[in-house]
Each structure stands twice: as C-alpha cells, then as structure tokens.
Amino acid sequence: MLKKFFPSRWLAFIMFGWGIMTMIQSSVTNFSALAGVRFLLGAFEAGIFPGIIYYLTFWYKPHERAVRIALIAASASLGGAFGGSLAFAVGLMDDDRGIKGWQWYVFAFAVSSVHQYRFRLGILEGSITCFLALIVTFILPDYPETVRWLTPANRQIAIERLKNDSPKGLAKISKEETLKTLRDWRLYL
C-alpha cells in the first residue's frame, strides 16, 4: 500500500487512523467497545514500523539503514518504558472515584488545577497525532526521484548511489509480485 499510494500519503493515513482510534478510545464506556477500538488501533499501528523500514530503503544503503532502524527501535523501546511506568501507576487507581483501572488507563484524565477542567489525554494525544499526520502528508519526501529540494545533479547522485541496493521508488509493483508476496509463508509467520 505504501508503494501504491506514496509514502507521504500512506504513512500519514496510518498516523491519522491511529490518532482517530486513540481519540475514540477516550469515549468508550465498556470493555467490548474498548476491545473493538483497540483492535482497530492495532491494525493502524501495525503498519507504522514496517512502513518506515520500507521507506528507508528508498533513501539509504543497507549499512546506512542499520543505524537508523536501531534509533527507531530504541525510541520505541524508550517510549514503551515510560508508557509501562504510566500504565502501572494508572493500574493502581482501580475503583478510584468509581472508575475501573482499565478505564483510567484509557481515559487518563489530566486535571488542571487552575480551571478545574478535565481533559482526556487520549483526545489530546490523538489530536496531536492527527495534526502531525497532516504535516507528514506535505513535508515527507516520497522518493529521491521526485523530491523537489534536490538539484537535478544531486537527485541523479542519490538515484545512482542506491541503484543496486534499494527498490526503485517510482517503479510500479506488479500483480504477480503482489501475489507472490501474499503467498510467502514468512509474511504470515
């Protein structure tokens, strides 16, 4: 899908869907709805990491990608560490104010001491993600072949240096390649 719809559009779409599901999850009132929304959130989230890795193949040689992938993985791990600590703290709030632990985790109310307004963190996080997705649509360069900020000479250098190491950004994927990929057991493993 990333290849068919261009990286800037597809990654932005995934981010936007992720943000919308994060906001919707703030308004669920029962576990069934939470499970359904979390499934959809996971469906959007599942495309981010492989999409970014594939995107990097358009811009970097294999030995250059390794460092960038490591930075992305480290950032995700760091985010998970902070998220896990927050989840533990929120879990301790089970039945506080009549709200179950899982609801606190979803709602994660942040209360302003000045105005006493309650803001749902999920709505805040989701709206920021949606806003950033719109920005990604316009600023993420798709391929070296199409980027506007490179001079024609530099664009040619970028294309030539990746000629044998990376997939071609603008090359269309064939139906046969798609079917071959969908039949590969490693995809499902």
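## A tour of the model

Tyrosine 54 is partly exposed, with a relative accessible area of 31%; in this scheme buried means under 20% relative accessible area, exposed means over 50%, and partly exposed lies in between (1.4 Å probe, protein chains only). This is a predicted model, in which local features need pLDDT of at least 70 and side-chain atom pairs count only at pLDDT 80 or more, while totals for chains, interfaces and linings use all residues. Residues are numbered from 1 along each chain as its sequence is written, and side-chain values use heavy atoms, with hydrogens and water left out.

**The chain as a whole**

- The protein chain has 10 helices and two strands; helices (H or I, at least four residues) and strands (E, at least two) are DSSP runs, numbered from the N terminus.
- Along the sequence, these elements follow the pattern α-α-α-α-α-α-β-β-α-α-α-α.
- Of the 189 residues in the protein chain, 26% count as buried.
- The protein chain exposes about 12,800 Å², and carbon and sulfur atoms supply 67% of that area; accessible areas come from the Shrake-Rupley method with a 1.4 Å probe, and for residues only the protein chains shown count as cover.
- Among contacts with a separation of 6 or more, 62% join residues 24 or more positions apart; contact means heavy atoms within 4.5 Å.

- Helix H2 covers residues 7-25, which makes 19 residues, and reaches 27 Å from its first C-alpha to its last, close to the 27 Å expected at 1.5 Å a residue; the expected span is 1.5 Å times one less than the number of residues.
- The buried residues of H2 include Pro7, Leu11, Ile14, Met15, Gly17 and Met21.
- An α-helix has 3.6 residues a turn, so residues three or four places apart point the same way.
- Arginine 9 is found in helix H2 and is exposed, with a relative accessible area of 53%.
- Arginine 9 and alanine 133 are 124 residues apart in sequence, yet their C-alpha atoms are 9.0 Å apart in space.
- Phenylalanine 6 sits in the loop between helix H1 (2-5) and H2, and is partly exposed at 23% relative accessible area.
- The phi angle of phenylalanine 6 is near 75°, a positive value in a residue other than glycine.

**Aromatic rings**

- Rings of Phe, Tyr and Trp (its six-membered ring) pair if their centres lie within 6.5 Å; planes under 30 degrees apart count as stacked, over 60 as edge-to-face and the rest as tilted.
- By this rule, the count comes to seven aromatic pairs.
- Tyrosine 54 and phenylalanine 58 form an edge-to-face pair, 4.9 Å centre to centre with 65° between the planes.
- One aromatic cluster is formed by Phe5, Trp10, Phe13 and Phe44.
- Arginine 68 lies over the face of tyrosine 60, 4.0 Å from the ring centre; a charge sits over a ring if NZ of Lys or CZ of Arg is within 6 Å of the ring centre and within 35 degrees of the ring normal.

**Nonpolar cores**

- A nonpolar core is a set of buried Ala, Val, Leu, Ile, Met, Phe, Trp, Tyr and Cys residues joined through side-chain atoms within 4.5 Å.
- The largest nonpolar core has nine residues, among them Leu2, Leu11, Phe58, Trp59 and Ala158.
- Apart from that core lies another one of six residues, including Ile14, Met15, Ala133 and Val136.

- Proline 141 lies in the loop between helix H7 (121-139) and helix H8 (152-161), and is buried at 19% relative accessible area.
- Leaving aside neighbours within four places in sequence, proline 141 is in contact with Tyr55, Trp59, Val147 and Trp149.
- Proline 62 is in helix H5 (residues 62-91) and is partly exposed, with a relative accessible area of 40%.
- The C-alpha atoms of proline 62 and leucine 162 are separated by 9.5 Å, although the two are 100 residues apart along the chain.
- Phenylalanine 39, in helix H3 (residues 31-45), is exposed at 60% relative accessible area.
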